[in-house]
Amino acid sequence: MSSKVNGNTEGDVDITYLLCSDDDQLTPASDSTAVEPLYTHGSKLSLEDFSTDSPISDPYDRSEASGKIALAGVAITILLSLAGLGGGIYIAVPKPNNPPGVVTVAMNGTVGPEVLSLVLAAVIVICVEAVGYVHSVTLRTALASESRLRFNTNLRLLTASRQHPWTNPNGTLFNALMGILVTISYASVAVIFLHYTMDGKWIAINVFAVPVIILSLSMLFQAVIALAGLRATRVLTWSPSSFDTTAAMLHQAHITHYPKRCMCGVLQPGCLFNPQAPAQRQPSAWRAHRSVRKVVITLWVLVLACLVWGGVTYHLQSAYAVEHPETQYSESLAFFPNPQSRAYVFGPGTGVGPQTLEPMWALSLLTLMVVQSVLAVGLHCSELIVNIIRDEQLWRRATKPQGTKPMTNPLTGTLGNWLNVFLLVAKSLLHWMFGLTLTFQSAPCGVGSTETCPRLSMYTVQIWYLAIALFVFALGMTIVALRRPHGPQPAAYGHIQTLANLVDEWYPTMWWGHKEDGAPYCHAGTSDHPLPPVKMNRIYAGPGDS
């Protein structure tokens, strides 16, 4: 005896949905009647668009203008890298009155080197962000093609494509290489300028060719990896907006809209009928995304590590001063390090570390890379918090009088959001302040000596200043991550399937609110005009009967 399911016999069962392994989501089964969803800006994307009569075309706007802006940033990075490479080669050529590989610039005062380092650190941050945006776009596309794109924002250096992990530009190997290159870029800044001191003053800056060349090559290779990823993928969308990513995935049939879930937020995954009453407050990013918790904990561990580093440096310097009474320090609390600042010094003439230039420079770069990598990873992970909050803010504008506009470009997405601006400035300042804690400099090899020796100085006070800045940054990120949005609008935090369920009609400008009374369930959704607020004493599920 055979039973029928959806009009088919038991041996020919039409299973409409299959259970996914991640996020407890259900995806459409692939059969001969599956129809690719249709999305166009300016028109609806609703259940009617999934009919077999829908024309299958490619009307989705992938934000090509945003792509041109992103690629312009990569092009500028390549040009600056080539210019730096040429400058490094020029410095490496022997010149009169200068040793090979070094150019000496005379200077006066104490602020000059720090200003140069700040400007260079800011340029590096902007270039890394420009290249990183293209890299993240291609990674998002790769994850979508593997049905692994859960959130609009992902940690690009810690998330990799599983297809061909050793040859894919978005695979494990190249993502690890990208992380190393980012670390080298920031670490090289601290050893490009060799500060020369005499009689307690900075009197000159030596610019080294090798770190300039290494910095230029690291930036160039980052751009090459990003462009290789672009060549290997067909970009889903250039827009940073979670709306555009969701619409693109609907259009490409990577996901589908599940009805009867109009009040289900990111903490209620699935596709089954799930009536919900509106809530006065929504969950925080801390609860919504488990990686956010890891990022916040990482930032506080970074603060603790910086405090321990400062304490160890203070102890080592104190022990060195006991063994070498001729060492003079003024216990200066100045923000910028100076020759009288308390420091633990490695290098020739100190009896600590290598006593010649080449090994000393190599040790300096290695030390800076190891310590800088911890800071670089922590700040990179902070992007996750900032970007999912940005995605949530964009979604919550749908209840404001002006509505929300899905389309954004990289510049407005970054410069138009105070959290993104804060992170951009914080990255520049924190990497620059890190450069103040470890300084590669040249000084007389001993009292009365006419020879100069390169040394690496770790400044105790500057390390503690960095710890204070990291404390403020970690506190700010923690407050942002723990904040719970007000209002009954379900929180999504850029979760793709949640947005696909909550947005039932797509327009260039959308509003969210109460759409339909029903018995026993009401319906909430999006529209091209302002909607009344949802009714707090009713249960919402979807249009029509349950």
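**Figure 1. A salt bridge between arginine 390 and aspartate 391 in the predicted model.** The closest N and O atoms of arginine 390 and aspartate 391 are 3.3 Å apart. Arginine 390 has a relative accessible area of 15% and is buried. Aspartate 391 is buried as well, with a relative accessible area of 2%.

**Figure 2. A salt bridge between the side chains of lysine 515 and glutamate 505.** The N to O distance in this pair is 3.4 Å. Lysine 515 is partly exposed, at a relative accessible area of 27%. Glutamate 505, by contrast, is buried, at 15% relative accessible area.

**Figure 3. A salt bridge between the side chains of lysine 535 and aspartate 517.** Here the N to O distance is 2.9 Å. This pair also links distant parts of the chain, its members being 18 residues apart. Lysine 535 is found in the segment after strand E12 (523-527), and aspartate 517 in the loop between E11 and E12. Both partners are partly exposed: lysine 535 has a relative accessible area of 31%, and aspartate 517 has one of 44%.

**Figure 4. A network formed by Glu129, Glu383 and Lys427.** In the predicted model, the count of salt bridges comes to 8.

Technical notes. Residues are numbered from 1 along each chain as its sequence is written. This is a predicted model: local features need pLDDT of at least 70, side-chain atom pairs count only at pLDDT 80 or more; totals for chains, interfaces and linings use all residues. Side-chain values use heavy atoms; hydrogens and water are left out. A salt bridge is a side-chain nitrogen of Lys or Arg within 4 Å of a carboxyl oxygen of Asp or Glu. Buried means under 20% relative accessible area, exposed over 50%, partly exposed in between (1.4 Å probe, protein chains only). Helices (H or I, at least four residues) and strands (E, at least two) are DSSP runs, numbered from the N terminus.
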